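Please open the model in a viewer and follow the stops below in order. Each stop names a selection and then describes what is found there.

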There are 2 protein chains.
Amino acid sequence: MLTTWPPTLPVLQEGPKLFAQWVKEMTNEQLEIQVYGGGELVPALEAFDAVSQGTAEIGHGASYYWAGKIPAAQFFAAVPFGMNPQQMNAWIISGGGLELWEKVYAPFNLLPLPGGNTGIQMGGWFNKEINSVNDLKGLKMRIPGLGGKVISKAGGSAVLSAGSEIYTNLERGVIDATEWIGPYHDYMMGFYKVARYYYYPGWHEPGPNLEFFINKGAFSKLPSDLQQIVRNAAAKVHHWMLCEFESRNNLYLQKLIHEENVDLRPFPSEVLEQLRSYSEEVIGEIVRSDPQSRNVYDAYTSFRNQITPWADISEKIYYTKNL
Amino acid sequence: MLTTWPPTLPVLQEGPKLFAQWVKEMTNEQLEIQVYGGGELVPALEAFDAVSQGTAEIGHGASYYWAGKIPAAQFFAAVPFGMNPQQMNAWIISGGGLELWEKVYAPFNLLPLPGGNTGIQMGGWFNKEINSVNDLKGLKMRIPGLGGKVISKAGGSAVLSAGSEIYTNLERGVIDATEWIGPYHDYMMGFYKVARYYYYPGWHEPGPNLEFFINKGAFSKLPSDLQQIVRNAAAKVHHWMLCEFESRNNLYLQKLIHEENVDLRPFPSEVLEQLRSYSEEVIGEIVRSDPQSRNVYDAYTSFRNQITPWADISEKIYYTKNL
């Protein structure tokens with residue numbers, strides 16, 4: 001098994017390791033899976049190809065990493081201003097999302113399974129206040145995926161760099177800003193040590209859905225009991241990861257604010273509105289040029305529209321009325 | 001396996017059936033579990049005792065059903081104005097909740113596992129508008145658990161009746177109001193057919209956490225691979241149920257509003273504030289008279305307080321800024 005994460009990263013790499021442990025326990029050691037972190041056997045972002053070609057049998061990552069090869073894949077991970085974890089889960093598991101995802105990965109000889117969720121991500125660390133979209137112009141920011149395209153639309157330049165390089169790039173001024181995950185993991189990356197940074201809540205990844213991807217040939221060779229065990233262990237990891245992030249993020253948020261004096265502030269509403277409008281442009285360009293993306297995004301959007309009136313009288317009231 | 005649900009109830013009874021199916025598939029038919037609905041072998045609300053005594057090996061229900069016997073148990077299901085599903089999951093799975101729950105069930109020879117979540121429940125159906133708490137006085141309402149105690153504080157009378165009796169009780173005027181679950185299941189109960197009812201969003205069960213409870217003697221006799229399989233199948237059911245409810249509630253909400261002309265309206269803020277204050281009184285009385293409830297509720301509250309500042313800059317912003 002190849003993951004896209006640093007070998008010692010908590011939660012994200014722990015999940016695949018727990019998966020292997022549960023599979024081993026459930027099969028009475030019949031099926032033992034060796035888990036390698038990003039870069040240990042192949043570079044992190046080559047995991048998809050390696051599993052597709054059968055070099056490894058299974059991988060763990062996020063489907064927006066493969067957007068260069070499969071633009072439609074990113075809609076199964078995160079969409080700026082898109083669905084949150086609970087809504088993504090409802091779409092993927094009970095709303096037809098997984099069946100579509102299986103079709104998108106089939107030509108690559110891969111079976112996808114949901115494999116975790118980070119919860120709503122933070123908007124990132126900036127070396128200056130963002131008071132209007134003009135403050136994003138010329139800004140060099142490490143931000144992947146659709147969010148990066150939105151920052152480029154706003155006149156910034158989106159830089160892609162692996163997790164291991166971000167700290168040094170910030171320190172040397174190669175980038176002015178970065179996003180990563182949320183308070184728990186951002187704290188461990190030590191960004192607050194580099195300089196005085198402003199820390200903003202997120203908009204670009206409202207609950208990225210992570211993934212297992214399994215070589216179909218390898219999977220089909222498993223007897224059906226082991227196939228079901230693999231599916232069940234993946235489902236348990238999927239669920240466990242969000243619980244881990246949600247239970248710990250605030251502990252680290254408070255450390256950042258009270259021990260490290262990080263300046264947490266909201267984006268002004270006008271900035272969010274402008275970013276939302278750029279997001280719609282970015283997505284519009286993708287779906288106009290790629291029929292498969294159109295198909296997947298239409299399904300995503302129609303599911304979201306379908307469930308929103310219910311969210312408005314349940315979860316939204318929960319948060320707005322402080323239930 | 002004994003459940004507390006009607007044998008044909010979608011989602012709630014389907015979950016335990018899927019659990020049995022997945023266990024059977026993962027064990028290559030080594031472990032086959034026969035699932036009985038409420039009343040098929042023993043009355044629904046005797047499932048806990050039956051599994052505790054070893055008459056059956058496993059059960060499925062909601063821990064607030066056992067509040068008469070174990071007051072502390074209800075805090076593992078739902079608390080009025082308490083945590084929502086994502087927060088409950090974080091507490092139970094990654095925040096120490098499950099370990100506490102295991103201690104509470106240990107004297108009954110039972111092992112609890114989270115077993116689903118209905119999502120935020122609706123506040124219920126009323127035969128008149130609720131414009132102030134005075135409108136609750138004298139109201140006979142079918143509402144179980146802590147929510148029922150709150151309605152009693154407000155001057156109403158909380159009636160307990162099994163799901164199968166609610167429709168007839170409404171029709172005959174034995175009760176003036178009822179809650180059940182959410183739009184999907186409320187639609188199937190046909191409450192909208194009885195009379196013109198007002199339908200209100202919820203406050204008393206913001207995401208009840210359901211449960212499997214396993215006879216410890218039976219569980220300890222399983223080899224460790226089968227134990228892990230049982231745990232994994234339960235985890236998959238736990239996750240699946242919320243997805244089912246969240247993906248379908250709105251379809252039925254729209255049918256209720258547009259096909260059945262149900263009058264959906266929010267509770268006035270003053271009513272919610274008053275219900276919140278009665279809820280605090282009700283919980284206060286329980287924890288003052290029962291040290292175990294105090295212990296569990298303190299853990300619940302301190303976890304909730306711990307995560308709230310994070311929720312405020314993630315999920316709350318998601319809903320209030322319409323991300």
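Select Phe81(B) to begin: with 20 C-beta neighbours inside 10 Å, this residue counts as buried, since the threshold for that class is 20 or more. The model is a predicted one. Phe81(B) sits in the loop between β2 (58-62) and α3 of chain B. Its phi is positive, at about 60°, although Phe81(B) is not a glycine. Most residues other than glycine have a negative phi.

Turn next to Glu29(A). Is this residue buried or exposed? Glu29(A) counts as exposed, because it has 10 C-beta neighbours inside 10 Å and the limit for exposure is 12 or fewer. Glu29(A) belongs to the loop that lies between α1 (14-26) and α2 (47-52) of chain A. Here too phi is positive in a residue that is not a glycine, with a value of about 70°.

**Helix α3 in chain A**

Select Gln87(A), which is part of helix α3 (residues 85-94) of chain A. Gln87(A) is buried, as 23 other C-beta atoms lie within 10 Å. Now display the contacts of Gln87(A), leaving aside its neighbours within four places in sequence: they are Arg304(A) and Ile307(A).

**Helices α3 and α12 in chain B**

Move to chain B and show α3(B) together with α12(B). Two packed helices are described by the angle between their axes and the distance between the axes. For α3(B) and α12(B), the angle is about 120° and the axes are 11 Å apart. The crossing of α3(B) past α12(B) is right-handed. Which residues make the contact? From α3(B), select Gln87(B), Ala90(B) and Trp91(B); from α12(B), select Tyr300(B), Phe303(B), Arg304(B) and Ile307(B). Coloured by class, the residues of this contact comprise five nonpolar, one polar and one charged.

**Chain A as a whole**

Zoom out to chain A, which holds 13 helices and ten strands. The radius of gyration of chain A is 20 Å, close to the 20 Å that the globule rule gives for 323 residues, so the chain is as compact as a globular protein of that length. Along the principal axes, the C-alpha atoms of chain A fill a box of roughly 60 × 40 × 40 Å. Of its 323 residues, 56% count as buried. Consider also the contacts in chain A between residues at least 6 apart in sequence: 75% of these join residues at least 24 apart.

**The two chains together**

Finally, display both chains. Select the interface: 53 residues of chain B are in contact with 54 residues of chain A. On the chain B side, the elements giving two or more residues are α1 (14-26), α3 (85-94), α10 (224-259), α12 (291-312) and α13 (315-320). Which element gives the most to this side? It is α10(B), with 19 residues. By class, the chain B side divides into 25 nonpolar, 20 polar and eight charged residues. The copies meet through the same surface, because 100% of the interface residues of chain B are also interface residues in chain A.

How values were computed
Residues are numbered from 1 along each chain as its sequence is written. Chains are lettered from A and ligands numbered from 1 in the order in which they are written. This is a predicted model: local features need pLDDT of at least 70, side-chain atom pairs count only at pLDDT 80 or more; totals for chains, interfaces and linings use all residues. Two residues are in contact if their C-beta atoms, placed from the backbone, lie within 7 Å. Helices (H or I, at least four residues) and strands (E, at least two) are DSSP runs, numbered from the N terminus. Ala, Val, Leu, Ile, Met, Phe, Trp, Tyr, Cys and Pro count as nonpolar, Asp, Glu, Lys and Arg as charged, and the others, Gly among them, as polar. The radius of gyration is taken over C-alpha atoms; the globule rule is 2.2 Å times the number of residues to the power 0.38. Axes are lines fitted to C-alpha atoms, for helices over the stretch in contact, and angles run from 0 to 180 degrees between N-to-C directions. A crossing is left-handed if the near helix is turned anticlockwise from the far one by less than a right angle, and right-handed if clockwise.
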